[in-house]
Protein chains: 2
Amino acid sequence: MTALTLESRGGLARAGRLHTAHGDIETPVFMPVGTQGSVKGVSPDELTAAGVQIALANAYHLYLRPGAPLIAAAGGLHAFMGWRGSILTDSGGFQVFSLARLSRVDDEGYHFASHLDGSRHSFTPESVVALQAALASDIAMVLDDCAPAGIDEAQARQSAERTLRWAERARAALTPSVQLTFAIAQGSTYEPLRRMQCRALRALDFAGYAIGGLWVGEPRTDGIAMAAVCCEELPQEKPRYLMGVGTPEDIIECIAVGVDMFDSVYPTRCARHALALTSSGRLNLRNAANARDLRPLDEQCTCLCCRQFSRAYLAHCFRAGETLAARLVSIHNIAFLVQLTRAARCAIVEGRFAAWHDQQLSAFAADRKG
Amino acid sequence: MTALTLESRGGLARAGRLHTAHGDIETPVFMPVGTQGSVKGVSPDELTAAGVQIALANAYHLYLRPGAPLIAAAGGLHAFMGWRGSILTDSGGFQVFSLARLSRVDDEGYHFASHLDGSRHSFTPESVVALQAALASDIAMVLDDCAPAGIDEAQARQSAERTLRWAERARAALTPSVQLTFAIAQGSTYEPLRRMQCRALRALDFAGYAIGGLWVGEPRTDGIAMAAVCCEELPQEKPRYLMGVGTPEDIIECIAVGVDMFDSVYPTRCARHALALTSSGRLNLRNAANARDLRPLDEQCTCLCCRQFSRAYLAHCFRAGETLAARLVSIHNIAFLVQLTRAARCAIVEGRFAAWHDQQLSAFAADRKG
């Protein structure tokens, strides 16, 4: 069975249907992040009500705590988290790279000390396949060799080549399963490397492909350009997932170059800083103007937060240090990005994506100026 | 209209129905506390699902922030908070007493500096009536002169006498309204004072009566004894509210002496410290034994938390610093105290309160030993 059914196109933008063991997912899709098995402050029921079809969790974090054996004993990550939708687990390469006290990366894999207790561990392409099989996520990611922004081409080539060798090993370690496995394309901001990496990974025939190593500090236009290059090289009939993106603007622009899947902590992190995403741009609940405003965050939004609470109430709760505020705005911000990707899908299917794209971008550009 | 219809008795314990502008409330009743207009971490929908009929808010906090004019403009506290059940507002005397930088208390009222910004304010019996009318709560409390534990009888008498004079002024300031107003009995741990205070307040014919100034540091047995004394003196046909209580044991014992209404931050505060209330006693989610326990908190509980999540998941979320954990256990703990008061009511109506009382107390006593 193919993972993606492509339903419609609008320029390079695509509307599809991604098939997982926990149901079909309409793409383009935004995936909220539950790093440690909980989307910060938001319950599974609220994710469902916000229209979320698939959530992320992180294999590195869950491996260290509470450990894969407990999650397997609970019946897998879905049962453990109480979430009936689909789950994508990130392999943990990026977290080892950014969080752990990394002692060594070599051709075998990562050798690191836990950021929690300093205990020593290794991640190999094979062990990470087994780990995610135990977690029983719907989509697993291969281990990749993450590289920081601003590296030279030789370093980027080395990282891409190791990522490819690890992908080959992960491919060989896969056993027949309902779990889909995605490879990850590295190559920093070097177009020839990105093209070579995508072509080589494509030949390995993974269920889907992720574009990694972007939005890590390089100029935003480089990120979008590299996403576009990868989308040119990746197979049409497979899902494409741009890791760690993002903001409404980034999502809109990367749907336009052919990306299907996005994940980011942006909506929940913004919410904890009292920042709401709305159809007329960003809204800071700590601004005095909102303290007496009895309208909902977004009059066009039908989320739980907008149906029941005013800007004034949310602003009061933020000022009063009530955790309900961050939770309600998290729900809204997630619902907003879900609705944004749905609206993009609708525009693609109805043949008006270009106009929709321009109109949406201008709402957020105006907000940035204001 | 009378505020309370008494339906059944079991010894001194009472089952009744309290009539408010937002519906009838079955008593005995536990009221969770939303000091600043939000029960910490729990949404109004979750309160409803937990069986909550009435929630508390605090006039002192809401007066300082966001201010009564904004809440009145929003259509009252129910609309502002998004809560359709009943609301009792505490007058704020206790908060002025415990939180504010109190500059002076005299016969006129409290003169204090805000704990938020140091701004100067006064609360009088009349201003507090008007404040709670603007908040449009279902039940308002008069301003009382709170006294700390351990004061001598002369000081306690002075506090009780001032409380009585203030109650008379509040009574005179009341205008016809659907809002019920309760007087508050002071008198520290001096039985004659408590009796005198209750008789004098009773003559003022308030809609209901609160027992204040207990559980502020005195021995627990004194608190229960004083609650019993007050219940002897207060009118049978009016509701009795014991302020700031409490734990399961305290609630059970005070229902037995004739109290109808309870409020406390105990269930939400416990939850933030990873402590769950269960039918077999307290359960500390930071204990290693719970980290691998895939059972719900309480197998007899039907709350949202127990229906969906295991002890192991909650323990993981506490360890991982995920705010979802405190929220879920808050929901459970509130539901537990609501179910406890419901079970008490059922036992009273069915003529088996004494046996129920003994059995429940022993479950929590065993837990304290263990």
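# Report on chains A and B

Trp215(A) sits in the loop that runs from β12 (208-211) to α9 (220-233) of chain A; helices (H or I, at least four residues) and strands (E, at least two) are DSSP runs, numbered from the N terminus. The model is predicted: local features need pLDDT of at least 70 and side-chain atom pairs pLDDT 80 or more, while totals for chains, interfaces and linings use all residues. Residues are numbered from 1 along each chain as its sequence is written, with chains lettered from A and ligands numbered from 1 in the order written.

**Backbone of chain A**

Although Trp215(A) is not a glycine, its phi is positive, near 55°. Trp215(A) counts as buried because it has 23 C-beta neighbours inside 10 Å (buried: 20 or more other C-beta atoms within 10 Å, with C-beta atoms placed from the backbone). Ser188(A), also a non-glycine residue, has a positive phi of about 50°. Ser188(A) lies between β11 (180-185) and α8 (191-203) of chain A, in a loop, and is buried, with 26 C-beta neighbours inside 10 Å.

| Cis peptide bond | Omega | Loop position of the second residue |
|---|---|---|
| Thr27(A) to Pro28(A) | near 0° | between β3 (23-27) and β4 (29-32) of chain A |
| Val245(A) to Gly246(A) | about 0° | between β13 (240-242) and α10 (248-256) of chain A |

**Overall form of chain A**

Chain A has 15 helices and 16 strands. Its C-alpha trace spans about 60 × 45 × 40 Å along the principal axes. Of the 370 residues of chain A, 57% are buried.

**Helices of chain B**

Helix α13 (residues 311-319) of chain B has eight of its nine residues buried, so it is largely enclosed by the rest of the structure. Those buried residues include Arg311(B), Tyr313(B), His316(B) and Phe318(B). Their cover includes α3 (68-73) and α4 (77-81) of chain A, as well as α14 (324-349) of chain B. Gly321(B), which follows α13(B), has a positive phi near 75°.

The axes of α10 (residues 248-256) of chain B and α14(B) come within 11 Å and cross at roughly 25° (axes are lines fitted to C-alpha atoms over the stretch in contact; angles run from 0 to 180 degrees between N-to-C directions). The two helices are therefore roughly parallel (under 35 degrees). On the α10(B) side, Pro248(B), Ile251(B), Ile252(B) and Ile255(B) make the contact, and on the α14(B) side Leu337(B), Leu340(B), Thr341(B) and Ala344(B) (contact: C-beta atoms, placed from the backbone, within 7 Å).

Methods: A residue is buried if 20 or more other C-beta atoms lie within 10 Å of its own, exposed if 12 or fewer, and partly exposed in between; C-beta atoms are placed from the backbone. Two residues are in contact if their C-beta atoms, placed from the backbone, lie within 7 Å. Angles under 35 degrees count as roughly parallel, over 145 as roughly antiparallel, 65 to 115 as roughly perpendicular and the rest as oblique.
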